[in-house]
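Please walk through this model with me, one set of contacts at a time. Keep the viewer open as you read.

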2 protein chains.
Amino acid sequence: MSDYQKLLERWGIVSDLGAADRLLDWDEQTFMPHAGADARGQVRGTIVLLRAQYLSSPETLVLLQAAEKEQQGAAAGSDELAILREIRRDYERAVKIPPTLVAQKAQLCSTAHIAWLSAKKANDFSIFQPYLEKIIVIERKRAELFGYEAHPYDALLPDFEPDMSTEELKGTFAELKRRLVAICQHPALQNFTDDTVLQQDFDPDEQLQFSRRMMRHVGLEAKHGRLDTTEHPFMTGIASPFDVRTTMRSTTRFDILSALHECGHALYERGIKPAYFRTPLNEITSMAMHESQSRLLENHIGRSREFWTYWYPRLQERFPVQLESVSLDSYYRALNKVGPSFIRTEADEVYYGLHIILRFELETDLIGGRLSVADLPELWNERFEALFGITPPTSSQGVLQDVHWSSGSFGYFPSYSLGNLVAAQLYEKILVDQPSLPQDLALGDCSSLFGWLRTNVHQHGRKYSARQLVKNVTGKEISSDAFIAYLNAKFGCAAD
Amino acid sequence: MSDYQKLLERWGIVSDLGAADRLLDWDEQTFMPHAGADARGQVRGTIVLLRAQYLSSPETLVLLQAAEKEQQGAAAGSDELAILREIRRDYERAVKIPPTLVAQKAQLCSTAHIAWLSAKKANDFSIFQPYLEKIIVIERKRAELFGYEAHPYDALLPDFEPDMSTEELKGTFAELKRRLVAICQHPALQNFTDDTVLQQDFDPDEQLQFSRRMMRHVGLEAKHGRLDTTEHPFMTGIASPFDVRTTMRSTTRFDILSALHECGHALYERGIKPAYFRTPLNEITSMAMHESQSRLLENHIGRSREFWTYWYPRLQERFPVQLESVSLDSYYRALNKVGPSFIRTEADEVYYGLHIILRFELETDLIGGRLSVADLPELWNERFEALFGITPPTSSQGVLQDVHWSSGSFGYFPSYSLGNLVAAQLYEKILVDQPSLPQDLALGDCSSLFGWLRTNVHQHGRKYSARQLVKNVTGKEISSDAFIAYLNAKFGCAAD
């Protein structure tokens with residue numbers, strides 16, 4: 001066995017432990033009896049610790065160095081070199097954080113999460129404040145250990161976006177903000193203000209059945225994927241590309257777009273080259289790229305008139321009481337209602353970006369030490385008012401609304417907006433390559449769309465960075481051009 | 001931290017890896033998309049290997065020896081000493097089998113299982129024969145590595161019955177056989193020959209709902225347990241005593257007794273003292289003791305007139321078409337139909353023991369080298385005919401019916417019959433301690449039964465051997481006396 005093969009075998013163990021943890025997590029959120037929670041926490045703690053130990057052990061480094069030497073002659077661009085590059089990246093990041101700090105953060109976030117839930121319920125930021133302060137201390141410590149040049153936030157970003165700097169994000173988001181604000185003020189948006197048809201009650205089980213049907217339709221067969229219900233929708237690749245799972249809410253609110261969103265994530269992981277299984281390439285390349293796939297399915301497809309030309313009569317059949325007398329046009333405009341609102345996850349395509357930019361600005365200042373946690377609620381409301389023209393009436397509808405900070409995921413938010421930009425860039429290119437796509441969708445055929453995505457995006461897994469992949473496919477850097485053009489065209493606004 | 005505590009911490013990792021594997025297994029059998037099977041096999045292989053490595057590593061021995069020294073002054077009968085005893089037992093068994101042989105057996109059994117399925121489907125033993133021959137070779141090798149004095153089968157038994165010898169089983173089973181054959185010939189059995197009312201179709205989902213209701217009733221709350229459907233019913237303690245799960249078939253055949261059977265297993269693991277969590281005492285003490293709990297609920301309760309005095313009207317309500325005009329007495333006698341049949345899992349309480357004895361005799365001869373696999377089918381049919389008076393028309397209904405040999409579980413079968421004997425011994429004692437139990441059951445109250453079982457049996461986990469526990473509780477050795485007395489009383493046969 002070559003050193004390279006030995007290294008892959010070792011990485012296989014790291015990969016298997018990750019798969020076990022994902023199943024433990026999925027089960028925790030779907031079917032686990034509640035009394036099992038503490039025991040589950042313990043089991044997951046062990047699995048995550050063993051994974052970290054295997055990944056960052058001296059044996060891994062010895063094998064990695066030997067394998068790198070062995071593969072010196074490999075062709076540039078080969079899978080072998082990409083695999084070695086990504087193992088080195090994971091190893092070097094893992095080895096910088098002592099296991100005690102990993103455990104400390106896990107434990108803190110577990111209690112912080114509970115404090116956040118209480119704070120949100122009680123509308124009282126002060127309950128969460130001491131926990132958030134401790135999390136910021138740990139995040140700054142992690143940033144120091146990882147090392148950085150310009151901004152400590154740069155050291156945290158690679159957990160989500162391996163190939164992106166704070167400086168660059170600031171530039172991209174400044175431009176995006178300017179352009180979004182212009183669209184928000186455009187009178188054409190007046191055509192998209194009424195979503196009362198979606199404010200009706202929709203039976204949760206009927207929504208689930210309908211969403212499962214759509215899931216099969218877009219290419220996730222039962223033998224490869226599941227769709228269940230949970231408190232918060234999510235997608236996880238238990239063993240991508242073979243076993244990918246999504247969830248949606250069990251609610252009477254209209255939740256089918258969130259099912260499509262998670263399906264977009266699932267299709268990405270379902271599409272990774274099977275030969276990459278148990279290698280580091282068998283993963284999504286960045287959270288932005290992951291979000292680009294979910295947002296593409298949710299927005300470019302799931303909020304398009306063409307898609308619903310085929311599906312809306314079927315939806316009407318399923319929900320005759322609610323939709324029989326509602327025209328496709330009314331339904332389409334309800335799906336695309338635009339306007340300021342307090343909750344990010346309920347935001348439309350235009351305002352969504354502003355929600356992210358607010359968070360990005362606040363969290364870079366928190367991590368940069370230029371903003372204290374105590375001042376956060378006030379600053380949140382001030383800046384929200386400046387961006388949206390409305391002020392959150394409660395902290396639950398403001399600073400306490402998102403789970404991310406309680407779980408220590410600083411650096412995650414930018415990926416959401418980058419994902420929207422990338423989705424628009426990819427969709428623009430798809431329409432060039434396959435101009436008949438809108439007609440195909442109207443006839444109920446998604447196969448050319450997903451064939452294109454698999455060939456150009458999904459199959460590569462982590463082989464290319466998000467930036468490189470977008471460049472390879474579209475010939476362009478990541479920017480807001482395509483996204484803004486898409487919004488302008490969709491909502492009938494003049495170009496900015 | 002004391003060495004004892006360090007040892008417990010290390011055993012906690014072994015325990016957590018076991019829990020992860022049980023969830024991977026449960027999911028594989030319940031909800032996993034089929035295409036995930038190969039990846040799942042790989043993940044489970046890794047988890048099982050890591051568990052074996054942690055258990056049998058030199059560090060474990062060093063800690064164990066230090067902890068044993070540290071606890072030399074502990075009181076006889078203390079939990080600490082029992083924990084050390086059981087860790088040593090697990091360690092010493094694990095260390096005797098090289099990981100390569102563990103992997104070799106796992107791989108062989110995985111292919112043998114598929115060959116067995118094909119052989120069973122095709123009614124052709126020769127498809128399975130070469131695999132079974134290899135499995136016997138491995139089992140004999142394992143027996144040599146474990147070491148034994150009288151019979152190689154003695155070395156395999158401890159996987160299921162830590163405290164039992166082949167010689168002793170031969171004695172117990174010889175007497176049981178004589179007594180069962182006497183009952184089989186008794187004319188009183190003529191009152192229990194008609195189960196046509198149970199041969200009707202019962203809606204699978206209604207059976208599931210009804211079984212879930214019974215499960216809650218016997219004390220398994222939703223926050224601690226689940227009941228789902230699978231191809232083959234099973235119970236697994238994902239994290240006993242907090243999270244225990246059972247399954248039943250999704251079939252139109254009447255399958256409620258098998259749900260009760262699995263509930264009996266689940267109640268055992270649900271009842272283990274929470275303080276034993278992540279120690280070796282947090283396990284059932286033997287498969288016979290496990291079976292005693294499932295058979296007690298299935299037979300002594302689930303086939304009793306008293307239990308159904310309360311439940312039968314509720315069952316009739318659920319299945320009016322099938323049962324409205326069927327009296328409790330007819331239903332009771334259908335549940336207890338006695339007669340020779342080919343399939344062990346469908347056998348009644350009387351003939352079941354003969355099925356086990358047949359297998360025990362054959363597998364001790366196979367492991368002892370006194371019977372070749374090639375001669376097995378013929379010998380099966382000959383001995384079956386001698387015991388049951390009927391000859392299996394096909395190998396699927398004969399030698400190929402059970403999964404156990406294809407999974408290399410030699411030594412498992414005796415536990416089933418021992419479980420029946422122990423169940424009867426325990427139930428005899430319960431009726432002495434709580435003479436009002438039959439009336440309680442008729443009024444729909446199981447709480448005194450499960451209170452008794454928890455106090456006397458469940459809570460102890462692996463602290464006492466099955467033999468010791470039966471002795472502690474009933475004052476007697478394991479024997480067929482109580483079981484035979486129970487059958488004689490139930491079916492109205494004269495004492496033998």
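**Aromatic rings**

One aromatic cluster in chain A is formed by Phe202(A), Phe210(A), Phe254(A), Phe307(A), Trp308(A), Tyr310(A), Trp311(A), Tyr312(A), Phe319(A) and Tyr331(A). Rings of Phe, Tyr and Trp (its six-membered ring) pair if their centres lie within 6.5 Å; planes under 30 degrees apart count as stacked, over 60 as edge-to-face and the rest as tilted.

A word on the ground rules. This is a predicted model, in which local features need pLDDT of at least 70 and side-chain atom pairs count only at pLDDT 80 or more, while totals for chains, interfaces and linings use all residues. Residues are numbered from 1 along each chain as its sequence is written, chains are lettered from A and ligands numbered from 1 in the order in which they are written, and side-chain values use heavy atoms, with hydrogens and water left out.

Back to the rings. Over all chains, a search of the whole structure finds 53 aromatic pairs. One of them joins Phe242(A) and Phe277(A), edge-to-face, at 5.3 Å centre to centre and 75 degrees between the planes. Phe242(A) sits in the loop between strand S2 (235-239) and strand S3 (243-248) of chain A, and Phe277(A) in the loop between helix H10 (256-270) and helix H11 (287-301) of chain A, so the pair ties together parts that are 35 residues apart in sequence. Helices (H or I, at least four residues) and strands (E, at least two) are DSSP runs, numbered from the N terminus.

How exposed are the two rings? Phe242(A) is partly exposed, with a relative accessible area of 22%. Phe277(A) counts as buried, at 18% relative accessibility. The cut-offs are these: buried means under 20% relative accessible area, exposed over 50%, partly exposed in between (1.4 Å probe, protein chains only).

Now look at chain B. The ring centres of Trp26(B) and Phe31(B) are 5.6 Å apart and the planes are at 75 degrees, so this pair is edge-to-face. Both Trp26(B) and Phe31(B) are buried.

**Salt bridges within the chains**

A search of the whole structure finds 92 salt bridges over all chains. Each is a side-chain nitrogen of Lys or Arg within 4 Å of a carboxyl oxygen of Asp or Glu.

Start in chain A. Glu28(A) and Arg44(A) form a salt bridge, with the closest N and O atoms 3.3 Å apart. Glu28(A) belongs to helix H1 (residues 3-30) of chain A and Arg44(A) to helix H2 (residues 37-56) of chain A, so the bridge ties together parts that are 16 residues apart in sequence. Glu28(A) is partly exposed at 32%. Arg44(A) is partly exposed too, at 21%. Elsewhere, a network of salt bridges links Arg85(A), Glu86(A), Arg89(A), Asp90(A), Glu283(A) and Arg462(A).

In chain B, Arg142(B) bridges to Asp159(B), with the closest N and O atoms 3.1 Å apart. Arg142(B) lies in helix H6 (residues 125-146) of chain B, and Asp159(B) in the loop between helix H7 (152-156) and helix H8 (166-184) of chain B, so the pair ties together parts that are 17 residues apart in sequence. Arg142(B) is buried, at 10%, whereas Asp159(B) is partly exposed, at 36%.

Another salt bridge joins the side chains of Asp195(B) and Lys337(B) (3.9 Å, N to O). This pair links distant parts of the chain, 142 residues apart: Asp195(B) is in the loop between H8 and helix H9 (204-217) of chain B, and Lys337(B) in the loop between helix H14 (328-335) and helix H15 (352-368) of chain B. Asp195(B) is buried, with a relative accessible area of 17%. Lys337(B) is partly exposed, at 34%.

**A buried histidine**

His290(B) is in helix H11 (residues 287-301) of chain B. At 5% relative accessibility, His290(B) counts as buried. Which residues does His290(B) contact, leaving aside its neighbours within four places in sequence? They are Met235(B), His265(B), Tyr268(B), Glu269(B) and Ile284(B). Contact means heavy atoms within 4.5 Å.

**Where the chains meet**

The contact takes 36 residues from chain B and 36 residues from chain A. The area buried between the chains is about 2,800 Å², with 70% from carbon and sulfur atoms. Buried area is the accessible area (1.4 Å probe) that two parts lose on being put together, summed over both.

Between chain B and chain A there are 4 salt bridges. Asp27(B) and Arg245(A) meet in a salt bridge through their side chains (2.8 Å, N to O). On the chain B side, helix H1 (3-30), helix H2 (37-56), strand S1 (225-229), strand S2 (235-239) and strand S3 (243-248) each supply at least two of the residues that touch chain A. By class, that side has 21 nonpolar, 7 polar and 8 charged residues. Here Ala, Val, Leu, Ile, Met, Phe, Trp, Tyr, Cys and Pro count as nonpolar, Asp, Glu, Lys and Arg as charged, and the others, Gly among them, as polar.
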